[in-house]
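Biologist: Could you take me through some helix packing in this one?

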Amino acid sequence: MPTAAELDRYRTGADRFIARLDEEYYLHFAGHKDELELEQIYAEHADLTSLASAQRMGAAAAAEPSFRMRELWRFACEGYLGGLTREHAERVAALEASLEADLGGQQVGFRMLRPTIANEPDRDKRAQAERARNDLTDQHLNPLHLEALAVEEQALRSLGAATTLDLYKGFGLKLDELAAQCRAFLDSTERLYEKSADKLFRDRAGVSLRDAQRYDTVRVMRAPEWDPFFKADLMVPALKKTLLDLGIDLEEQIRTKAVFLDDEQRPNKSPRAFCSPIEVPGKVMLVIQPMGGADDWRALFHEAGHTEHFAHTSADLPLEARRLGDNAVTEGWAMLLQHLTDEPAWLNRRLDFPRIDEFAWEGAATLLFFVRRYCAKLLYELEFHRTPAARIGDLRSRYVELLGDALKIEPSPTDYLSDIDPGFYVSNYLRSWAFEAQMRTHLKHEYGTTWFARREAGNLLRDLWSEGQRLDAHNLLKQVTGAEVELEAVAERIREHLR
Ligand SMILES: [Zn+2]
């Protein structure tokens, strides 16, 4: 059993390890540094993610099943498993970067196939690109995914778990309850989805839901007609004004170096906004390369939600509550700010925006699509993570069945291995959508429809952000509203705009 002093050393080490990783991710994805060099960082902290450490933390968590001990155990397990399959992940990334498909004489890189499908107006050509993508996935990537699964299965036994599902249930994830909520959500929104998705696909891709194919989906989700209202040069000013209305002075946070706003243009910078919490609190990077368009605005506000959560987290909290804990909480705060960008009252106040109701309708229809997709994904991942690696091939048809039932669009069976979020992250997104819907209802009830422009609402948020992830989403919501995280709240939020 680890001593108290050993645990303290472990926490300090983990704190530095995560800071180094986040710094490396920032430098690479912000375009300061070509290579993403993780090997050296893992080597310097090898003891944190060794099998022996994971087993010692597991024994301590079994003896003292507290929040803190369980989080350290989970951190050690995820580090150990991630280390074993890192080589596979790197080989997958290298293949994705180098594989090419021949589209009628034109060579297109694997990673460019999705954007190609989204931007291709000709349906036959979309179908052709989709087939090429599926063939490459099955021939080159899936064998590597299978190899990694076999390695992971061996390792799970040494951690005392038969399957990934067993391991995560041990960490306290209530996945069966969430799965029941997902089934209920799929049921209660079935008719609404069929109607709204049919209209969305007809309007944007000229096909009915019945005739829609997977290669139409990416195109439907890209909605360029709204781009003119979400201008690139207005993004950061709109964010600053929104935060200031809540009593949060982003300029001041930048001056005191609590937040670094990196909005410079660099050739190799990730086109998508991200947040890298190098020190929590004290050095939180909010990175953006403003391009404009509704999706870019959504991404900035989402990442700003993470940024403010980490920047306000109390320095007095232990590592487990500052850097570990339930990520549905930080995703929930991110969703709360993200969804301001399709909130009619906010659009009215912040932007010169026509057809607000139509935009809100589309936002709700799109949200319904994604929540249903994630519900089906969770149901699939539960089956996936309790199936032995030797029998995993049987799940190709289950993947098609579960995702197809939820979306009424047949997915590709070749995605049955890659459409998996590591560590049941899918459950964080599902709960964060519910958390956002319930927190928004509470804020509207307390502070009115323009709650986002009220100082008092900002004070409450800052207070809650200072708790970091000491409480899980369930207990945090309960403390504020008295209610439990309930997916049906998202259905109600969606119905509000689809009526
Ligand atoms: Zn997020």
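Modeller: What follows is a short talk about two helix pairs. This is a predicted model, in which local features need pLDDT of at least 70, side-chain atom pairs count only at pLDDT 80 or more, and totals for chains, interfaces and linings use all residues. Residues are numbered from 1 along each chain as its sequence is written.

Biologist: At what angle do α9 and α17 cross?

Modeller: The axes of α9 (residues 190-205) and α17 (residues 356-384) cross at roughly 120° and come within 10 Å, helices being DSSP runs (H or I, at least four residues) numbered from the N terminus. That angle makes α9 oblique to α17.

Biologist: And which residues make that contact?

Modeller: From α9 there are Leu192, Tyr193, Ser196, Ala197 and Leu200, and these meet Glu362, Ala365, Leu368, Phe369 and Arg372 of α17, where contact means C-beta atoms, placed from the backbone, within 7 Å. By class, seven of the residues in this contact are nonpolar, one is polar and two are charged.

Biologist: Switching to α18, how far apart are its axis and that of α17?

Modeller: The axes of α17 and α18 (residues 395-407) are 9 Å apart, and the two helices pack at an angle of about 155°, which makes α17 roughly antiparallel to α18, a label for angles over 145 degrees.

Biologist: Which residues does α17 bring to α18?

Modeller: α17 contributes Phe369, Arg372, Arg373, Cys375, Ala376, Leu379, Tyr380, Glu383 and Phe384, while the residues on α18 include Leu395, Arg398, Tyr399 and Leu402. This contact of α17 with α18 has twelve nonpolar, no polar and five charged residues.

How values were computed
Axes are lines fitted to C-alpha atoms, for helices over the stretch in contact, and angles run from 0 to 180 degrees between N-to-C directions. Angles under 35 degrees count as roughly parallel, over 145 as roughly antiparallel, 65 to 115 as roughly perpendicular and the rest as oblique. Two residues are in contact if their C-beta atoms, placed from the backbone, lie within 7 Å. Ala, Val, Leu, Ile, Met, Phe, Trp, Tyr, Cys and Pro count as nonpolar, Asp, Glu, Lys and Arg as charged, and the others, Gly among them, as polar.
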